[in-house]
Amino acid sequence: MVKSVKVRDLVENTRLEVITGKEYLDRPITTGDISRPGLEMTGYFNYYAPNRVQLLGITEISFSKRMSHDELLMVARKMSGNETPAFVVSTGLVVPDEFVQAAKEAQIPILGTKLTSSRILANMTYFLGGKLAERQSVHGVLIDIYGLGVLITGDSGVGKSETALELVRRGHRLVADDRVDVYQQDEERLVGEAPAILNHLMEIRGVGIIDVMNLYGAGAVRSHATISMNLHLETWTPEAKFDRLGNGGDILSIFGVDIPRFAIPVRTGRNLAIIIEAAAMNFRAKSMGYDAMKIFDNNLNNLIADNSNNSGKK
């Protein structure tokens, strides 16, 4: 089934106003691509994509003023296909009467904004891209820790939700528990959110389902977050090997986007919430150019050099 959002959703989320066609806002949008119909204004429709939102800016409106009434009405009618979701006119421009007539005939809403074409194009692309993107469900918990989206994964029963609850109690924000819907925002970013049925909810074994927003307030939850790192909880065993210096190179790849992955041993007596919080802060410090591993290497090299000098003196 093709995913879609309604024109109404686009209006409510991208600073658009309805100029005409309020009764047609339930028309579906099935693609995040936006059309700038410059060539179509000249009558060239060989590659016209009628299922896209049609954005008219200064160029298109200025060109329309050079056209006769009949020419412009013919073009407007050709652009008003059965699949066309809406027309959007930017920069506070006046919509030509011919487009108003053609849109009413085809029952297509016309939307307007004072934003420039580039700004409204970016807003619509961002919103539609997120809503219509392919999603992959990941078993885990997504928490916003100091502005970083931390995806906590691990075997069932290892303590993901309990750890997340402690992190929420420490002031961090829950995005999703048990199941995280992940989609690709662009070539370098993955965004996670909760399925609608699990929004703001957590399952704690022995307690049941709890509503995090109801218990801890609106500041304890987020609707979505960019995933910056993956912390995988693993039950500790004597045979297991874990990275002790923080220079491991594991990654988690989703939709071809790689994010750093770190294995955290789970053992009785370890405070996982504090460890995860420290891991997030250390990751942020590295991204800002501060690397504790490099400092350790420098200290070790200096110690070796001092010992060598002292040995030479003897």
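Analyst: Helices (H or I, at least four residues) and strands (E, at least two) are DSSP runs, numbered from the N terminus. This is a predicted model, in which local features need pLDDT of at least 70 and side-chain atom pairs count only at pLDDT 80 or more, while totals for chains, interfaces and linings use all residues. Residues are numbered from 1 along each chain as its sequence is written, and side-chain values use heavy atoms, with hydrogens and water left out.

User: At what angle do the axes of α7 and α9 cross?

Analyst: Two packed helices are described by the angle between their axes and the distance between the axes. Axes are lines fitted to C-alpha atoms, for helices over the stretch in contact, and angles run from 0 to 180 degrees between N-to-C directions. Here the axes of α7 and α9 cross at roughly 70° and come within 9 Å.

User: Which residues of α7 and α9 meet?

Analyst: Contact means heavy atoms within 4.5 Å. Thr163, Glu166 and Leu167 of α7 meet Leu272, Ala273, Ile276 and Glu277 of α9.

User: How many residues does the largest nonpolar core have?

Analyst: A nonpolar core is a set of buried Ala, Val, Leu, Ile, Met, Phe, Trp, Tyr and Cys residues joined through side-chain atoms within 4.5 Å. Buried means under 20% relative accessible area, exposed over 50%, and partly exposed in between (1.4 Å probe, protein chains only). The largest such core has 28 residues, and Val150 and Ile276 are among those with the most contacts inside it. Elements that give two or more residues to this core include α7 (160-169), β10 (148-154) and α9 (272-287). The most comes from α9, with five residues. Leaving aside neighbours within four places in sequence, Val150 is in contact with residues including Ile143, Met229 and Ile276.

User: How many aromatic pairs does a search of the whole structure find?

Analyst: Rings of Phe, Tyr and Trp (its six-membered ring) pair if their centres lie within 6.5 Å; planes under 30 degrees apart count as stacked, over 60 as edge-to-face and the rest as tilted. The search finds three pairs. Tyr44 and Tyr47 form a tilted one, 6.4 Å centre to centre with 40° between the planes. Tyr44 is partly exposed at 37% relative accessible area, and Tyr47 is exposed at 71%. Phe45 and Tyr48 form an edge-to-face pair, 5.3 Å centre to centre with 75° between the planes, and both residues are buried.
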